[in-house]
Amino acid sequence: MLNSLFNTILTEEGFTGTEFAVVTLTSIICGFIIACAYSIKNKCSKSFSITLVLLPSIVELVIILVNGNIGAGVAVAGAFSLVRFRSAPGRGQEITSVFLAMAVGLATGMGYIGVAILITVVISLLNLILNISGFGGLEDKHRLLKIMVPENLDYEGKFEDLFDKYLTVYSYEEVKTSNMGSLYKLTLDVVLKSGVSTKAFLDELRTRNGNLDISLGRKVDSLDSL
């Protein structure tokens, strides 16, 4: 009984209308599950959600039409490779979801309905569990601190005592001039100590930089893209 889930419903001679309807419907359902699992704990645009829903059925149609033709398969592989160069770089989970949708389309296109459903459910649940549990999210504690200082202020050693008081980790990421050289913009990667007051920290910084602009925000991790 279990082994029958891993058998294909298509034959080498071709496919019937019923078989085509079954694999297409399975592709759409699996795509919908993938899109829902991704959007639960991730920022997801309407366009990307629709893409995840429709991509498995599109790949499935291509695989069915190729149907063992080596020449057509090479041409299709070349066409798919163009998608990478027509797309903007994406986050790791976005690319993973796209590959999962394509793998499901490949499975349904070859008639492996059980494999497609199994891999969709298992990978989507695993993705959801890892997101909810916060797996690999230790770097979320890092913040980006930006401090504007006047050009006549010697900023080296000016803020270190406050950093030691409120921060567990800090490092200078960038120092650049602004406003035609009349200001310096300091950018630091910081980790706040547990339980400290962000307002108190910023208030003390303001007394040192002449009450110029200070911002403390979430750091954008470029390593999240592939």
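Asn179 sits in the loop that links β2 and β3, and in this predicted model its backbone has a positive phi of about 55° although the residue is not a glycine. Most residues other than glycine have a negative phi. Asn179 also counts as exposed, because its relative accessibility of 52% is over the 50% cut-off. A positive phi, of about 60°, is likewise found at Asn211, again not a glycine, and this residue belongs to the loop between α7 and β4. The two residues are set out below.

| Residue | Loop | Phi |
|---|---|---|
| Asn179 | between β2 and β3 | about 55° |
| Asn211 | between α7 and β4 | about 60° |

The strands named here belong to an open sheet of 4 strands, which are arranged in the order β2-β3-β1-β4 with antiparallel pairing. At the edges of this sheet lie β2, spanning residues 167-178, and β4, spanning residues 214-218, each of which pairs on one side only. From one strand to the next, the twist averages 20°. Strands of a sheet pair through backbone hydrogen bonds, in either a parallel or an antiparallel manner.

How many bridges join β1 to β4? Strand β1, which covers residues 142-150, is joined to β4 by 5 bridges, and the two strands run antiparallel. Within this pairing, Arg143 has Arg218 of β4 as its bridge partner.

Helix α7, made up of residues 198-206, lies across β1, β2, β3 (183-192) and β4.

Technical notes. Residues numbered from 1 in each chain as written. Predicted model: local features only at pLDDT ≥ 70, side-chain atom pairs only at ≥ 80, totals over all residues. Heavy atoms only, no water. Pairing = 2+ DSSP bridges. Axes fitted to C-alpha atoms, helices over the stretch in contact; angles between N-to-C directions. Contact = heavy atoms within 4.5 Å. Buried < 20%, exposed > 50% of the residue type's maximum accessible area, 1.4 Å probe, protein only.
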